[in-house]
Amino acid sequence: VMSGEGLISVDYEIFGKVQGVWFRKYTQAEGTKLGIVGWVQNTEAGTVKGQLQGPRSKVEKMQEWLKCTGSPKSRIDEAVFKNKKTTESLEYSSFSIIE
């Protein structure tokens, strides 16, 4: 972690065509590439939700990716972020897909 940069945690839910388009796999890959941790999961409502944790700037980059990019075949209608807070330590050791 870069000195002076705090760790944050944020929950997310993504609406649109985000199931059956490898969204979770791409999210896991992007999170891992950025060096943040957390999880991603499909919901019964047809959305994708999860949590991001890591250095603020990296989490914010991931939020931007979830809002604007996603997987190639996805269509993102809305990205909702909530419960954003600073955290002392990371609760996860990697970025995982929850089945």
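This is a predicted model: local features need pLDDT of at least 70, side-chain atom pairs count only at pLDDT 80 or more; totals for chains, interfaces and linings use all residues.
User: Why is Asn-42 called partly exposed?

Analyst: Buried needs under 20% relative accessible area, and exposed needs over 50%. Asn-42 has 27% relative accessibility, so Asn-42 counts as partly exposed. Asn-42 sits in strand E2, residues 37-42.

User: What does Asn-42 touch, leaving aside its neighbours within four places in sequence?

Analyst: Contact means heavy atoms within 4.5 Å. By that rule Asn-42 is in contact with Val-18, Gln-19, Arg-24, Thr-47 and Val-48. Arg-24 belongs to helix H1. Among the residues that Arg-24 touches are Val-40, Ile-97 and Glu-99.

User: Which residues does the UniProt annotation "active site" cover, and how do you know that they gather at one spot?

Analyst: The annotation, from an unreviewed entry, covers Arg-24 and Asn-42. They span 19 residues in sequence, yet no two of their C-alpha atoms are more than 7.7 Å apart, so they gather at one spot.

User: How do you know that the span of H2 is close to the one expected?

Analyst: Helix H2 covers residues 56-68, which is 13 residues. From first C-alpha to last, H2 reaches 18 Å, and 18 Å is expected at 1.5 Å a residue.

User: Which residues of H2 are buried, and what makes them line one face?

Analyst: Val-59, Met-62, Gln-63, Trp-65 and Leu-66 are the buried ones. Down the axis of H2 they fall within an arc of 160°, so they line one face of the helix. They pack against strands E1, E3 and E4 and helix H1. The face turned away from that buried side carries exposed Lys-61 and Cys-68.

Technical notes: Residues are numbered from 1 along each chain as its sequence is written. Side-chain values use heavy atoms; hydrogens and water are left out. Helices (H or I, at least four residues) and strands (E, at least two) are DSSP runs, numbered from the N terminus. The expected span of a helix is 1.5 Å times one less than its number of residues. Buried means under 20% relative accessible area, exposed over 50%, partly exposed in between (1.4 Å probe, protein chains only). The arc is that of the directions from the helix axis to the C-beta atoms. UniProt positions are given in the numbering used here, feature names are shortened, and annotations may be inferred rather than shown by experiment.
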